[in-house]
Amino acid sequence: MPGKVNFFPEKRTALSFHGPGFRPGIHLKNLVNWATRLMSSSSLFSTMKTVSLGPPGLSPSDTHECCSPNLQVKEPGSFYLPNKEHARASLGTLLGDMLEKAVLSLVESRFAFESWLDLRIPSRARRKVFETVSKVYFPSKNLYSSIKGLARLRTSTNSCDTFCLFCLTKAAKGVFDAARFLEASAGLSGTISPGATNKNQFESCCAEGDVVYCAFTPFGQVVVGGPGTTYYNCHNPLLLLDLGGNDIYNQGSNVSDPQAKPQVSLILDLGGNDTYIGQGLPGPGGACFGISLLIDEDGDDLYLGNGVSEGAAIFGLGMLVDRNGNDYYAANFMSQGASVAGLGVLVDLGGNDSYRNGIFGQAAAGPGSAALLMDADGDDYYFIGGMVRDFREPNRSWVSYGQGFGFGHRELGLPGGTALLLDSGGDDLYKAGYFAQGSGTYFGTGALIDLFGNDEYLARRYVQGAGVHFGFGLLLDSSGSDMYDAFGAAQGCGHDLSAGFLVDLAGDDRYDLGWLGQGGARAGGTGVLLDGSGNDRYWAGSKNTQGARELGEPASRASKGLLLDLGGNDFYTGPGKNDSSWGDPGKGCGGRDTNTRTKKGHPD
């Protein structure tokens, strides 16, 4: 396939920032375009159907064995909804018909995903993968060993590249169609009264309370909850539609038996202050060997997961969409936009939200994956860490792996994925430890983009636009008076043939750093800090900061460090100086601070 990028190379090539197959700009651009279209589109699911995660020139009309399974889906009938007539009597003819169409679309995606998965990993190996994941219990030091366990099970046919992810989104088309059908009929929910149905007829259903309809299919239960309070204890629902009310969801894994057929699941809640609880793996909005989509239309909601939840996936697609409300997200590990060999997405379109995660999440992508956390509005709080102490500072900090972090596995030669945290509004607070806030390692690409608001970024090391060990990191803040605080290897830092950029376009900002950063680099890296305007304050140590680079490096591994401030009356501690140049910026070492520009737009 032209332009194919292999995320699982059979042979390790010469390593450099511009190494074969590593195109961070292209992968990040595709993810940014996708997030932008999600944010601006009035129809989320029409956007999902047309987006491409693959290389330039790849369109949805392209075919490949992993997304052309030659489906043979039966006509609508009792095979899919055993008590179809009762559904129409309880829900109304139009809503009943929409429900049947949604079920058919989900079954279609179920077969398409099975074809995709069979090319990724043989069924005989799925139990071993599942056991590897379930034993890891990521609040330990076994993150990389677990990825190693997954990687050792791969065959020559189960590599996952950008085209593979594109095929995964095509396989999920039926899930998005089903959600669209049901949202189109959401206005009919007002015609159904709470408690209008005899609940005794649903004794075997996975729900209690205001249950309007329940049916059993070979692919999972189909449940419709009324506008009253409903309690759901559903582990493998094919479709769950809740028409309103303050509901409680107690969810287990959507793949109870790895040897069983892969599962596809859609949960759509139309309103109410709901609680989602997931004690097993995966949790709400998470998928392992499956496709899981959770949509909450309105209300102040609470999401509690253990791992692989809240928009996370392993060999599959996990997506959580919350359209409105002040929401609280909490999980232990691999959640809130996280994935390995798959696609993990969390989208929150409104409200003042709080995100808390122990490790590996809030836009974290491992080998063969992409991850996105997008918050469209509100004053938000992001915290990741507190579970695994970092061996370099066990008494002071922890490992985060999140808030825009793409990582690979160096020992096995597995290049990392592409991760993006995009926040488009509000005064936000970001807190993390090691490896976070726009960081990438081993051919991984991590980015944090904040478009509006006065924000605070607090972290420790390898953060805030840091590329480490052949990685690429970016932190972009387009407006507001912001504060950046880090210990070292941060704020536009490139280390070991990597590149890191911190770009702040406007506002009176403050940068605090101990060492190696603010446009600092070493070991053949490239580090850049660019500030567009405002009266800024730069606090930094003197070791490889503010446009400095490692001395005595060979020409083949010469680092490039650069700090550019294009406007304002600024204050520096360290090598930098207000309204002047230092070092040799023309050769990629030093910095320049200026308040004026020439007619051509270049600094004087």
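Arginine 460 lies over the face of phenylalanine 487, 4.0 Å from the ring centre. Such a charge has NZ of Lys or CZ of Arg within 6 Å of the ring centre and within 35 degrees of the ring normal. Arginine 537 is placed over the face of phenylalanine 571, at 4.7 Å from the ring centre.

This is a predicted model: local features need pLDDT of at least 70, side-chain atom pairs count only at pLDDT 80 or more, and totals for chains, interfaces and linings use all residues. Residues are numbered from 1 along each chain as its sequence is written, and side-chain values use heavy atoms, with hydrogens and water left out.

The structure holds 31 aromatic pairs (Phe, Tyr or six-membered Trp rings with centres within 6.5 Å; stacked if the planes are under 30 degrees apart). Tyrosine 249 and tyrosine 276 are stacked, at 4.5 Å centre to centre and 10° between the planes. Tyrosine 249 lies in strand 4 (residues 248–251) and tyrosine 276 in strand 6 (residues 275–278), so the pair ties together parts 27 residues apart in sequence. Strands here are DSSP E runs of at least two residues, numbered from the N terminus.

Nine strands form an open sheet with parallel pairing, in the order 7-10-13-16-20-24-28-31-34. Strands pair if DSSP finds at least two bridges between them. Strand 7 (286–288) and strand 34 (520–522) stand at the edges, each with a single partner strand, so one side of each is left without a neighbour in the sheet. Strand 10 (residues 312–314) pairs with strand 13 (residues 338–340) over three bridges.

Terms used. Helix = DSSP H or I, 4+ residues; strand = E, 2+ residues; numbered from the N terminus. Phe/Tyr/Trp six-rings, centres within 6.5 Å; stacked < 30°, edge-to-face > 60°.
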